[in-house]
Amino acid sequence: MIGRSIPRVEDAALVTGEAEFADDVPLAPDAGHACFVRSPWPHADIVGVDAGGALAMDGVQAVLTGAAAAAWSDPLLVGVRAPVEHRCLATGRVRYVGEPVAVVVARDRYVAEDAAERVAVEYAPRPAVVDPEEALGESAPVLHEEMGTNLVHERSFRYGDPEAAFGAAPRRVEVEVRYPRNVCTPIEGVVVTAAWLPGEGIYEVHSNFQGPYSLHPVMARALRVPGSRLRLRAARNSGGSFGVKQSAFVDIVALALAARAAGRPVRWTQDRMENLSAATSATNRVVRLEAAVEGDGRVRALRYDQVEDCGAYLRAPEPATLYRMHALMTGAYDVPHLAVRNRVALTNKTPTGLNRGFGGPQVFYALETLMRRVAERLDLDPLDVVRRNLVPSHAIPYRAAAGARYDSGDFPALVDRTVAEGGLDELLARRRAARGEGRLYGVGYAAIVETSISNMGYITALLAPEVRVRAGPKDGAVATATVSLDPGGAVTVSAASAPQGQGHRTVLAQVVAAVLGLAPEEVVVNLEHDTQTQAWSIASGNYSSRFAGAVAGAAHRAALRVRERLAAVAARELNARAGGLVFAAGRVHAPDNPDNAIALARLAGVFHWSPSSLPEGVEPGLRVTEMWSPPELAPPDPEDRVNGAGAYAFVFDFCGVEVDPATARVRLDRYVTGHDSGVRLHPAMVDGQIRGAFAQGVGAALYEELRYDGAGTFLSGTLADYPIPTACEVPAPVIVHHDVPSTVTPLGAKGVGEGVSMSTPVCIANAVADALGTGEVLELPLLPARLAPRVAAALARRDDAARDRGRGGPPGAGT
C-alpha cells in the first residue's frame with residue numbers, strides 16, 4: 001500500500017463543497033465578530049486612544065485597547081535576550097504599518113468594521129527606517145529605545161580553518177546579494193474563534209493555526225495561564241498556509257483577551273489586506289559571500305556576512321529564519337572550511353516568520369549565484385563547477401562543516417539522471433540555435449539541499465556555548481500519532497500534524513492500513529487536534545516538511561505496536577508463531593495456511609470484552625500513542641556544530657529561459673527539477689508538492705515583492721500590487737526522481753514540500769544572467785523594469801560583436 005498513488009480521502013468533501021473550514025464552524029448565538037484597528041503609520045507614538053465613538057454604536061459589544069490588554073497579559077517572549085517588548089496590541093508606540101492597536105467586537109463583521117473606523121487614535125509620527133543596513137547605521141532612528149540600537153543579535157562562527165584556506169587559494173570570488181521580502185498567499189486567511197470560561201479560568205481557541213506548538217507555551221505565558229488552561233483546537237480543513245499561519249499565535253492572544261473583555265465567544269477572519277500587510281513574511285536579507293577557489297573551480301572555503309531584516313519585532317521563533325539552514329551553509333558541496341557572521345536588524349516593517357522554504361531561498365540564492373560567478377571568473381562550464389564541488393557518493397554519510405549530517409543520497413547520480421532524462425543536451429542545442437538568430441536565451445542551474453524535520457535545538461546556536469549550558473539542552477523533533485481499534489475492530493488514527501491541504505489523512509490511512517492488512521478506506525483519520533485531550537509536544541504542527549518523515553513514521557510505529565498485541569492473541573488462537581503471522585484483507589492467518597485465519601474484528605474484541613484472557617505480558621486496550629524523535633538530533637556542540645534536521649533531500653534543477661528584447665519579459669521555456677525524496681509514500685502527492693513549491697518559486701523569481709517606500713509606507717496591500725503567478729504563468733516542470741531512502745526516518749521518507757521553492761528563484765536568475773551575458777548579480781523579482789537596462793546592454797554587446805565580425809546587426813536591433 002505504501003508507495004501507491006491512491007485516491008485522496010479528503011477530496012470528495014472538498015470538491016463537493018461539504019468540507020468544513022474554520023469559518024464554517026457554527027458560532028454560539030451570542031458570539032461576537034472582531035475587527036482590528038491597525039496603525040497607518042510605520043513609526044509613531046500613540047498619544048491617545050478614544051473608543052467612545054465606537055462604543056456608542058448600536059451592536060458594538062466591546063473595544064479592547066492596548067492598555068486594557070496589558071492589564072490581563074504579558075509581552076510575548078522574544079527570540080533572543082534583549083529589551084524588546086512585543087505585545088499583542090501596541091502600547092505607547094507603533095512600529096510598522098498594520099500593527100494592531102485595538103480590537104472591536106460587535107454583533108457582526110460589518111458593524112465591527114464600521115466601529116473600527118470610529119476608534120480615534122492620535123499618533124505623533126517618528127522617522128522610519130526600512131533598509132536593514134541603514135538601520136544599523138549610527139544615525140538611524142531606533143525602534144526600541146531600551147536597546148539603544150537596531151542590532152538585536154550578532155554572532156560569528158568558524159569551522160575548519162577558513163583563514164588558511166583563503167590565504168592559500170589562488171582565486172577569490174565574491175558576490176553581494178539582496179534577497180527581497182515576499183510572502184506566501186494561502187487562499188484562506190487566518191481564522192480564530194476564542195472564548196473565555198471564567199468559571200474554570202480557561203481560554204478555548206479554535207483556529208487554523210499550523211504550529212509549531214512550541215508557540216503554545218508562548219501564548220499561555222502571555223495570557224498568564226498554565227498551558228493546561230489554554231485549549232487549542234485545530235480546524236478540520238485549512239485552505240493552505242505555506243508557513244504564514246504560524247503568525248496566528250499573536251492574533252490568538254489578542255482575540256482571547258477580546259473574548260474576555262466582551263464576555264462572549266469572538267471570531268475573527270483575516271482579510272487579504274491584513275494577510276499581506278500585517279501577518280508575517282519571509283525575511284529580506286543582505287548577503288556578502290566570498291569563496292576561496294582553486295584553479296579548476298573547486299571551492300575550499302566560504303565566508304558569509306549576513307544581515308537579516310526581521311521587521312519591527314523579533315517575534316518567535318525568529319531569528320530562526322537565519323539559523324534553520326546554518327548547519328548546511330555549504331549546501332550540496334564538499335567545502336571543509338567555513339566562516340559565518342550573522343547580524344539581525346530591526347526595521348519598520350511587518351515582523352517575519354515561517355514562509356515556505358524558511359531561510360533556504362535566502363541561502364541558496366547567494367550560494368548558487370556564487371557558483372555561477374565562479375564559473376564565469378574561471379571561464380568554466382557552470383555545470384562542471386557544480387559537479388566538481390558536489391559531496392561525492394562515497395563520502396555519504398557526510399558531515400558538513402557546520403554540522404549537518406547527510407545520512408543518505410547520491411548527489412552526482414541524481415545530477416546525471418536529471419541531465420539525461422530532463423534533456424539538457426536538447427536545451428543547450430536550443431540555446432545555440434536561438435543565439436544564432438540573435439535571441440536572448442539562457443540556461444541556468446541550481447543544486448540545493450532540502451532540510452526536513454527541524455531539530456528544535458538548531459535555534460540555540462544563536463547563543464554562545466556557555467549560555468547554552470546555563471539554559472539547558474534543547475534538541476529533538478518529537479512527532480506524535482495514535483492508532484486505536486474499537487471493540488468491533490474499526491481503526492481510528494489521530495496525529496498532531498495540523499494539515500493545510502497536503503493530504504495527511506490519505507497518507508496516514510495508507511500507512512496504518514498497510515501494517516494492519518486493511519484497505520485505506522477502512523481507516524478513519526481525524527486530525528482535529530485538541531491540546532487538552534490528545535498527545536502533542538513542542539515540535540508538533542505542520543512545518544519543516546516533517547509529515548512524511550516524522551508524523552507518518554510515528555503512525556507506522558504505533559500501528560506496529562498495535563499489530564504486535566493483536567499477533568500475540570492471534571498466535572494463541574491459531575497455534576502459530578506470532579512473528580510470522582500475515583495481516584491481510586481484515587484477517588490474520590498463518591503464512592503457510594491462509595485458511596487457518598481469524599478476523600481482525602474478533603481479535604480486537606478480546607482486548608475490550610475479555611482482558612483477563614489476554615496472554616501474559618500483553619496490555620489490555622488497543623490504543624497506542626507513539627512519540628518519536630530522530631535520535632541523531634542533539635544540541636549544538638561546544639564548537640557550535642549542530643545537525644539541524646532529521647533528513648536531507650537533494651534537489652538539482654536546470655532551466656531554459658528567453659528574454660524578450662522589446663519588453664524585457666522573461667519566458668520560461670523549460671524547467672527540469674530532479675529530486676531525491678527518499679521513499680515516496682504517495683508519489684502523486686509528492687509530485688503535487690513539487691509543482692506547488694515550483695509555482696511559488698516562480699512567483700519569487702519573477703513577480704512577488706512586499707514593497708515599502710523610503711518612509712516606511714506599505715505599497716503591496718492588494719493582489720493588484722502584489723501579483724502572484726496563475727496557472728497561465730507557471731509551466732509544468734519536468735520532474736525526475738532518483739530516490740535513496742533515509743536511514744533515519746521510520747519509513748525512509750525525506751521532505752519534499754519546500755525544496756523547489758528554494759532552488760527555482762536562483763535557477764531562473766542564473767538562466768536570465770546567462771541569456772543577458774552579464775556577470776552582475778540580478779535583483780529579485782526579475783521585473784521587466786529592472787531588466788530593461790541590462791537587456792539594452794546585452795543587445796548593444798550583440799550588435800558590437802556582429803560589427804566586429806564584419807556583419808551588421810538586423811535593422812533596429814540596438815534600439
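Setting aside neighbours up to four places away in sequence, Ala169 has contacts with Ala292 and Val293. Keep in mind that this is a predicted model.

- Ala169 sits in the loop that runs between α6 (162-168) and β8 (171-179).
- Its relative accessibility is 16%, and the cut-off for buried is under 20%, so Ala169 counts as buried.
- Ala169 and Ala291 are 122 residues apart along the chain, yet their C-alpha atoms are separated by 9.1 Å.

**Helix α9**
- Helix α9 (residues 272-279) is largely enclosed by the rest of the structure, because six of its eight residues are buried.
- The buried ones are Glu274, Asn275, Leu276, Ser277, Ala278 and Ala279.
- What do these buried residues of α9 pack against? They pack against β1, α4 (109-116) and β12.
- At the N-terminal end, α9 is capped by Asp271, with a side-chain oxygen 3.2 Å from the backbone nitrogen of Met273.

**Aromatic pairs**
- The model has 16 aromatic pairs.
- One of them is Phe36 with Trp268: the ring centres are 5.0 Å apart and the planes are at 85°, so this pair is edge-to-face.
- Phe36 belongs to strand β1 (residues 32-38) and Trp268 to strand β12 (residues 266-269), so the pair ties together parts that are 232 residues apart in sequence.
- Both Phe36 and Trp268 are buried.
- Tyr179 and Tyr365 make up another edge-to-face pair, at 5.9 Å centre to centre with 65° between the planes.
- That pair links distant parts of the chain, since Tyr179 is in strand β8 and Tyr365 is in helix α11, 186 residues apart.
- Tyr179 is buried, and so is Tyr365.
- There's also an aromatic cluster, formed by Tyr398, Tyr406, Phe411, Tyr648 and Phe650.

**Where α11 meets α12**
- Helix α11 (residues 360-377) and helix α12 (residues 382-389) have axes that come within 8 Å of each other and cross at roughly 115°.
- The crossing of α11 past α12 is right-handed.
- On the α11 side the contact uses Met371, Val374 and Ala375, while α12 brings in Pro382, Val385 and Asn389.
- Sorted by class, that contact has five nonpolar residues, one polar residue and no charged ones.

**Ser408**
- You'll find Ser408 in the loop between β17 (405-406) and α13 (411-422).
- Is Ser408 buried or exposed? Its relative accessible area is 5%, and buried means under 20%, so Ser408 is buried.
- Its side chain makes a polar contact with the side chain of Lys750 at 3.0 Å.
- The side chain of Ser408 also reaches the backbone oxygen of Pro741, at 3.3 Å.
- Leaving out residues up to four places away in sequence, Ser408 touches Ile396, Val740, Pro741, Ser742, Thr743 and Lys750.

Technical notes
Residues numbered from 1 in each chain as written. Predicted model: local features only at pLDDT ≥ 70, side-chain atom pairs only at ≥ 80, totals over all residues. Heavy atoms only, no water. Helix = DSSP H or I, 4+ residues; strand = E, 2+ residues; numbered from the N terminus. Buried < 20%, exposed > 50% of the residue type's maximum accessible area, 1.4 Å probe, protein only. Contact = heavy atoms within 4.5 Å. Axes fitted to C-alpha atoms, helices over the stretch in contact; angles between N-to-C directions. Left-handed = near helix turned anticlockwise from the far one by under 90°. Nonpolar A, V, L, I, M, F, W, Y, C, P; charged D, E, K, R; others polar. Polar contact = N/O pair within 3.5 Å; in protein donor to acceptor, adjacent residues only side chain to side chain. Phe/Tyr/Trp six-rings, centres within 6.5 Å; stacked < 30°, edge-to-face > 60°.
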